[in-house]
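Please examine the structure shown below together with its sequence.

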Amino acid sequence: MIQLLEIENKLHDEVRQGEAYAPVSDSEIAYKKHFYIESYGCAMNFSDTEIIASILNSNGYGATKNLEDAELIFVNTCSIREKAEATVRKRLTEFRKLKEANKGLLVGVLGCMAERLKTKLLEEEKLVDIVVGPDSYRSLPALIEQAETGQKAVNVLLSREETYADISPVRLDSNGVCAFVSIMRGCNNMCSFCVVPFTRGRERSRDAYSIIAEATELFDKGYKEITLLGQNVDSYYWYDEKKDQQITFAHLLEQVALINPELRIRFSTSHPKDITDEVLFVMSRHENVCNHIHLPLQSGSTRLLQLMNRTYSKEWYKAKVDRIKEILPNCTITADIITGFCTETEEDHQETLEVMEYCGYDMSYMYFYSERPGTLAAKRFEDDVPLEIKKRRLQEVVDMQGKLSTAGNLNDIGKTFKILIEGDSKKSELAHTGRSEHNKSVVFPKGNHNFKKGDYVMVKVNDCTRATLIGEIIA
Ligand code: SAH
Ligand code: SF4
Ligand code: F3S
C-alpha cells in the first residue's frame, strides 16, 4: 500500500512550493507585500503559478520562499481526484495558526478547486479570504486590495479568450535548464470522468507568435529544454491573420524546433484521437524534438473507453501506437491509466493489462477512479466498483508497469544516449543527473570532465534501477 500511496503522490498531486525569485533583489525594491505560493496538480497548474507570480510582481508584490515572511499566502489547487482536494484542505488548516498570529495575513485559494467550489470555499474554510479561478488571475491585485478592506474577494469567471499570452512568466523553482511553455488552455473533450472541462473551461489556443517569442527568450537566457503544455496539445489551432495561415500543432512544433537545434522540445499531453502523422513527421525530421509521447490510455476495454467518452477503441489505440513505432521506431510511449471506472469487470481490467503489455510503456501515471461531482460519469453512472477492488486492480497495473519499465531499462544497458544535464544527482554532488530524449532519468559520475548543468553529454548506460538508468560519460 505504501507503494500505491507513493504513486498517487507522484507528479500530478505534487506540491510545488514558492521557490520564486524576485526580478530585483528585495533590498532594491520596496514591495507592497510579500507573497508565498505553492502549487498542486498538473504541469499546467505549475505553469499558471509562474504567470500568477509575474502578475503579482509587476503589481508590486515580491515572492518569498518563507511562509513566515509572507503577508499573502496563495495555494494554486487541483481538483482532479478527491485526494488532491483533501491534500489542499489539510494544507489550508495548517495556515490557521499563522493567521491567528498575524491578523493581516490573507489566504487565497487559486486554480481548479477555486473554480469548482467557488464561494463554498469561503464558507467551508473560514480562513480563506480570496478565491480566484484559472481565467481570472489578472484581477488578483484588485482582489487583494478588496480583501485588505475586510471583504471576501472572489472571481471565478471563465473566459473563452484568456490565454495570458502577453504575460512573461516568472520562472519558479527553476533549474535554469528546463521550462514549461503553455500553448493552450481549457479542454473541450468531456471525458466522462474528468473535472477539467468544468474547472478550466473551453479550449483556446495561444497566439503562435507569443509562444515562439517566449521559447526564443528562454533559449537566449540559457534554457535548453522546453515542454509545450496543454490538456490536449494536438488540437492546438490558431489562425495567423497576418499570413492568412492556419497554424496546427505540427506547424507550431516545427517552428519551435527551428529556434535552435540546441533547444530540446517536449510536449504534453497528446490525446490519442488528435495526434496526427504530421506531428510524427515533424518529430522524425527534427532531432531536437524528443522521441517521447505521453499518450494516455485510461482503459484497455473498448466498452469502458466508450463510457469514458474517449472516442477511440482498444484496436484504434493499438493501431495508433503501431503507427508511432512505424514512423518513430526509437520513440518511447508513456500513459495514464485509471482502474475501477464505473462497471469495470475483471475482463475489462485484463484488457487494460493486455494493452499495457502490447504498448510496452516505459512509464505510466496510474490511478484508481475517483468520482468527481458534476462530471458526466457522476451524473450518468454508478461508482460501483468497491474501493478494495479498485486498489487491487491498481496494484496489478502498477506491477505490470514495473515489469515493463524494468524490461525497457534493461534493454538500454550498453546503449549510449545524449543527456541534457539538469543538475547534481540527489544522492551525490559527485554525480550529474539528466534525462535522455526518451524522458528517462540518467545518473552518472562527473569524473574528471568539466561538464555542467545545461550541457549535453554522451552517456553509456551500464546499469539501472526500475526508475533510473546509471551510466558513465563517453568522452
Ligand atoms: N488532458 C490529459 C489528462 C489530464 S488529467 C489527457 O487527456 O490525457 C491527468 C490524468 O488524471 C488523466 O489522464 C486520468 O488518467 C487521470 N484522471 C482524471 N480524472 C480522474 C478521476 N476522476 N479519477 C482518477 N483519475 C483521473
Ligand atoms: Fe480531462 Fe479528457 Fe480533457 Fe484530458 S482530454 S483534460 S482527461 S476531459
Ligand atoms: Fe488538476 Fe486542474 Fe491540472 S484539476 S490536473 S490542476 S487542470
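In this predicted model, the shell around ligand 3 draws on two parts of the protein chain: domain 1 (26-155) and domain 2 (178-411) each contribute at least three residues. The residues that surround ligand 3 are Cys42, Asn45, Thr77, Cys78, Ser79, Ile80, Cys112, Val196, Arg200 and Gln231. Sorted by class, this shell holds five nonpolar residues, four polar residues and one charged residue.

The domain assignment divides the protein chain into domain 1 (26-155), domain 2 (178-411) and domain 3 (416-473). Between domain 1 and domain 2, the contact involves 17 residues of domain 1 and 18 residues of domain 2. The centres of these two domains, taken over C-alpha atoms, lie 29 Å apart.

How much area is buried between domain 1 and domain 2? The value is about 1,600 Å², and carbon and sulfur atoms give 55% of it. On the side of domain 1, three residues stand out: Met44, Arg81 and Arg116 supply 34% of the area that this domain buries against domain 2, more than any other three residues.

Five salt bridges are counted between domain 1 and domain 2. A salt bridge also joins the side chains of Arg185 and Asp135, with a distance of 3.6 Å from N to O.

Which helices supply the side of domain 1 that touches domain 2? Helix 2 (43-57), helix 3 (82-94) and helix 5 (112-117) each provide at least two of its residues. Helix 2 gives the largest share, namely six residues. By class, this side of domain 1 comprises seven nonpolar, three polar and seven charged residues.

Ligand 2 has around it Cys187, Asn189, Met190, Cys191, Phe193, Cys194, Val196, Pro197, Gln231, His271 and Arg310. Seven residues of this shell are nonpolar, three are polar and one is charged. Val196 and Gln231 are listed both around ligand 3 and around ligand 2.

Terms used:
Residues numbered from 1 in each chain as written. Chains lettered and ligands numbered in written order. Predicted model: local features only at pLDDT ≥ 70, side-chain atom pairs only at ≥ 80, totals over all residues. Heavy atoms only, no water. Near = heavy atom within 4 Å. Nonpolar A, V, L, I, M, F, W, Y, C, P; charged D, E, K, R; others polar. Domains from an automatic or database assignment. Contact = heavy atoms within 4.5 Å. Buried area = accessible area lost by both parts, 1.4 Å probe. Salt bridge = Lys/Arg side-chain N within 4 Å of Asp/Glu carboxyl O. Helix = DSSP H or I, 4+ residues; strand = E, 2+ residues; numbered from the N terminus.
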